[in-house]
Amino acid sequence: MPEHIGLLLLLQDGGSLTAGHFVSLFGAFLRTFFTEFGPRQFFTVGALLFCIGWYGVLVRRNAIAVLMATELMLNGVNVLFVSFNRWWGVKITRAAFTSVEQVLSPVGQIFAIFIIIVAAAEAAVGLAIIIAIYRQIRSANIEDVSGMKW
Amino acid sequence: MSADTAIILYWWFFTIVVVAGAVGTVALRSLYHSALSLVVCLAGVAGYYVLLNAEFLAAAQVVIYIGAIMVLVISAILVSENVMGRQITLTNRLVWPGIIAAGTLFCIMVYANMRTIYAFDPEGAWLESNVRHIGWSLMATYTLPFEIASLLLFMAMIGAIIISRRDKPDA
Amino acid sequence: MHNWVWLIPALPLISFIVIIFFGYRIKDRASHLLATWMMMLTIVGAVLVLLEKFTGAATGAFTQAFPWVQVGDLKIPFTTYLDNPAAITLLMVAITAGFIHLFSQGYMKGDVRYSLFFALISLFSFSMFGVVLTDHFISFLIFWEIMGFCSYALIGFYIEKRSAQLAMKKAFIVTRIGDVGMILGIIMLYYVGAPLRFSEMAAYFGHGGAHLSQAAVTTIGLLLFCGAVGKSAQFPLHVWLPDAMEGPTPVSALIHAATMVSAGVYLVVRIFPIVQASVVTMTVVAAVGAFTALITALVGLVMNDIKKVLAYSTMSQLGYMFLALGVAGYTAGVFHLINHAFFKACLFLGSGSVIMGCHHQQDMRRMGGLAKLMPITFVTFLIASLSLMGIPPFSGFWSKDEILGSAYAWGSEHGGAYWLLFLAGELVAFLTAAYMTRLLILTFAGKYRGNDAPTEDFVEDQAKLQSEQENWEIKKYDRSLGGLKTLYREDEEPEKHEEHRHVPRESPWVVGASLIVLALFGGFFGFVGAVPLGITWWQGFITFGHAHHAEVNWLVMGISTAMALGGVFVAYIIWGAKFAVFMRLYRTRLVQVLQAVLANRYYMDHFYNGIIVRGFMVLAKASRIFDTWVVDLIVNAFGAGTKMFAYAYAWFDLWVVDGLVNLAGYMWLGIKRGIRPLQSGYLQHYMLVLIIAAVLFWVVRYFF
């Protein structure tokens with residue numbers, strides 16, 4: 001994990017894993033979770049979106065539903081990008097004509113934009129493939145598409 | 001932290017919307033309803049972006065996701081007609097393995113979240129919303145990725161047309 | 001016009017491309033109009049070029065480069081190098097080629113491959129202009145070989161004739177022998193680091209080739225001269241030119257009299273710095289020229305075919321030019337080159353007109369008395385003949401006088417055996433006058449013999465040719481398809497002449513016009529260098545090194561004029577007046593043997609066929625026997641051995657190698673049965689494996 005994102009919390013008793021360690025950590029987490037407005041909260045929601053999306057991908061039988069679950073996963077990642085960009089801006093120097101200014105890079109938002117673009121392309125191609133498959137086998141069930149197994 | 005109470009309330013509101021929409025997306029029986037639920041979820045994410053001072057992204061979320069992608073998904077659902085009634089079994093046999101695996105992953109991520117100290121510099125915080133920066137970055141710093149993205153969309157369009165086209169009637 | 005000089009080769013190339021690709025679509029008329037008018041445009045261009053030279057608008061040599069190959073240090077451009085000899089030769093080629101195109105319209109009328117003929121002579125004109133203009137030796141070689149190809153194709157234009165086939169093969173092979181020498185010379189030139197561009201040779205080889213050893217300069221000069229010997233039909237490679245007369249007469253005029261054979265002389269003119277740098281090369285050039293001139297002039301005395309007489313005359317005159325160049329008569333050599341091209345083209349066209357008039361009869365024994373029947377042909381032919389004989393004041397006289405003057409000066413400078421060159425020159429002047437007078441008497445004087453009963457020797461010759469042709473046709477086509485019958489179209493088939501007496505008639509106007517123009521040039525162009533009359537324009541225009549001292553050697557002039565007139569006189573009393581004493585002398589054994597030797601061309605062809613060709617045949621048969629009994633035996637033995645080994649190996653392969661391979665295969669089959677269920681083909685199973693892997697990764701990362 002890179003240095004500037006965060007430091008590992010030092011374990012209380014010399015690095016060993018105990019139940020007390022979990023309990024104190026969870027207590028501290030709950031204490032601040034409902035009163036703060038920070039990256040921790042957004043991380044949690046993003047992770048939840050990602051895991052729900054993954055669950056959807058795993059269990060749904062309809063291919064279009066799987067595609068929608070994929071969109072959920074992408075949105076979870078997007079939330080993380082934007083929220084980290086909200087609190088960790090990278091200083092960049094921008095020169096325009098005669099002025100030079102120090103600004104915070106919106107790189108996270110840019111990344112989110114590109115993810116949205118890719119999601120759009122993916123949705124278009126994915127739906128086209130699904131429709132083509134549907135036209136072939138009269139089914140959008142993803143379990144019916146296992147012809148390339150061996 | 002002495003954060004503004006209103007912001008925290010907004011955050012709770014959007015969180016409920018997002019989580020409810022996401023759960024509905026994967027859990028609702030009707031595919032059409034689950035798509036509408038996904039729309040709700042995406043709208044909540046757009047609200048998150050507003051809270052995070054990313055208005056441009058919020059607008060893009062509404063316009064692209066809800067306005068384009070979801071319309072496409074819903075129309076695809078309507079095209080493949082058997083989803084409405086005929087499908088009895090919604091999920092496969094992986095429900096419990098899926099719940100366990102996804103839950104474990106979530107727990108691990110929450111654990112990582114808990115034990116991480118988010119040591120951020122107040123100087124580097126992105127406090128104001130500035131769409132101009134995004135435009136500048138897209139057009140100056142990230143011109144090449146931007147152009148490649150346009151190419152990607154173009155190719156996706158052609159590919160979608162070619163893949164979903166019917167076979168030639170005369171062939 | 002200097003900057004646009006590349007247009008001059010380009011114009012015939014255009015007409016070649018158009019005619020060769022669309023010749024069967026467009027009408028014959030369109031193809032000859034295109035080819036002829038392109039050549040007329042080139043005449044205009046050549047005149048403009050020469051005017052710019054003459055008026056001083058573009059003095060000195062002019063080069064212009066189009067890069068073609070660049071490999072490291074080696075740069076091969078297509079470059080034009082337009083010095084004074086190139087400019088004047090350009091004009092010569094343009095005029096002769098242009099009017100021969102015009103002439104061909106009349107001569108080739110009714111031929112089945114009419115447009116192909118025009119395509120080929122257009123291609124030939126293109127390559128000849130290229131040879132004249134080009135600067136670099138490689139591009140020179142390219143044009144030179146295109147020219148050789150055109151000559152080959154046009155000699156065999158009447159491909160149905162067996163003799164034409166043999167002639168084209170012979171011409172191609174014999175000239176290639178010379179070209180091999182020339183290519184070796186070019187390679188050596190490159191190898192020793194000498195410039196390959198003509199424009200740089202004078203500076204490099206000046207002062208006796210100080211950069212190189214004398215042996216190297218001599219070797220290079222002699223090797224390059226080989227190419228000239230082959231192309232210009234000099235001894236010992238002269239045997240192809242008489243046979244080349246199998247081609248249509250305009251081809252003989254253009255390629256085998258005026259331009260292509262002169263290209264050999266032109267090559268020596270271009271590389272004159274190399275030639276001049278070595279005394280040995282100079283002597284060889286002069287000796288080869290003089291010897292060829294002498295022996296071929298002698299053969300010209302006994303030939304009966306009008307075109308063959310002119311062919312031997314051409315070789316003789318080309319030998320004259322080499323003699324001139326070999327005695328440092330650069331100015332005289334180029335002068336004779338130009339004059340000879342004009343009047344020899346006129347002579348060939350005149351003979352073509354005669355042949356047309358006599359219904360494609362080439363034998364002089366069947367002619368006679370044509371002076372009254374074909375007046376235009378006769379007058380132009382007479383002017384060109386006088387010019388060739390060197391009778392003053394026609395142009396041949398002025399250039400021949402220059403050559404003999406140079407030979408005289410060379411002889412008096414070096415003395416001894418070098419006087420032989422002068423002597424040979426004078427002798428050739430005498431012989432030239434003699435055989436041309438004979439030709440004129442046999443063709444134009446007396447009465448027409450075409451309707452008489454043929455003489456015995458003529459019947460013999462014809463029967464020999466006829467049987468050769470028929471034997472070949474039967475062998476080739478088995479009587480199913482007549483060869484010669486396809487030569488002319490049905491509707492153009494001349495009516496049967498055997499039924500009634502026919503009278504030769506004058507040729508159409510295109511023929512007459514071409515003859516008149518070429519006769520004017522051939523007869524009177526020489527006045528540009530008439531030193532005794534005080535006109536020294538030519539001597540100032542074409543110089544090599546120091547300016548040529550234009551002084552008149554009255555002694556030489558007197559001797560050569562006397563020789564020419566003497567030749568005319570002797571020929572008249574032998575063939576014209578036919579005094580009884582000469583007729584008796586003619587029947588003596590010695591003269592008969594001499595005539596047989598000359599008529600068989602010193603048995604050179606027999607020698608080549610008997611010794612060289614048959615030698616190669618024997619060698620080839622011996623090689624075949626060796627190949628069958630030795631090489632094949634060894635190869636078969638190897639084959640049998642390999643087969644035995646293969647049987648042994650097959651057994652090993654079947655039981656040992658295949659066994660191991662199958663063992664490995666069964667092993668993997670077992671493993672496969674174990675792990676196959678992992679690949680269910682269901683997307684979601686793979687996703688489950690993926691998420692389990694991610695969880696395991698993070699668990700290991702945080703808790704272990």
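At what angle do helix H17 of chain C and H19(C) pack, and how far apart are their axes? Before the answer, the ground rules. This is a predicted model, where local features need pLDDT of at least 70 and side-chain atom pairs count only at pLDDT 80 or more, while totals for chains, interfaces and linings use all residues. Residues are numbered from 1 along each chain as its sequence is written, chains are lettered from A and ligands numbered from 1 in the order in which they are written, and side-chain values use heavy atoms, with hydrogens and water left out.

Now the answer. H17(C), residues 375-389, packs with H19(C) at about 165°, and the axes are 9 Å apart. Axes here are lines fitted to C-alpha atoms, for helices over the stretch in contact, and angles run from 0 to 180 degrees between N-to-C directions. That makes H17(C) roughly antiparallel to H19(C); the classes are under 35 degrees for roughly parallel, over 145 for roughly antiparallel, 65 to 115 for roughly perpendicular, and oblique for the rest. On the H17(C) side, the contact is made by C:Phe378, C:Phe381, C:Leu382, C:Ser385, C:Leu388 and C:Met389. H19(C) contributes residues including C:Ala429, C:Met436, C:Leu440 and C:Phe444. Contact means heavy atoms within 4.5 Å.

The cut-offs are under 20% for buried, over 50% for exposed and partly exposed in between, with a 1.4 Å probe and protein chains only. Leaving aside residues up to four places away in sequence, C:Ser385 touches C:Leu347, C:Met436 and C:Leu440.

H19(C), residues 419-444, also packs with H18(C), residues 395-414, at an angle of about 155° and with axes 7 Å apart. H18(C) and H19(C) are therefore roughly antiparallel to each other. Among the residues making this contact are C:Leu404, C:Tyr408 and C:Trp410 of H18(C), and C:Trp419, C:Phe422 and C:Glu426 of H19(C). The contact of H18(C) with H19(C) has eight nonpolar, four polar and two charged residues.

On to whole chains. Chain C has 27 helices and two strands; these are DSSP runs, H or I of at least four residues for helices and E of at least two for strands, numbered from the N terminus. Of its 704 residues, 51% are buried. In chain C, 79% of the contacts between residues at least 6 apart in sequence join residues at least 24 apart. Chain C exposes about 32000 Å², with 69% supplied by carbon and sulfur atoms. Accessible areas come from the Shrake-Rupley method with a 1.4 Å probe, and for residues only the protein chains shown count as cover.

Chain A has four helices and three strands, in the order β-α-α-α-β-β-α. Of its 150 residues, 53% are buried.

Chain B has six helices and one strand, running α-α-α-α-β-α-α. Buried residues make up 42% of its 171 residues.

Conventions:
Nonpolar A, V, L, I, M, F, W, Y, C, P; charged D, E, K, R; others polar.
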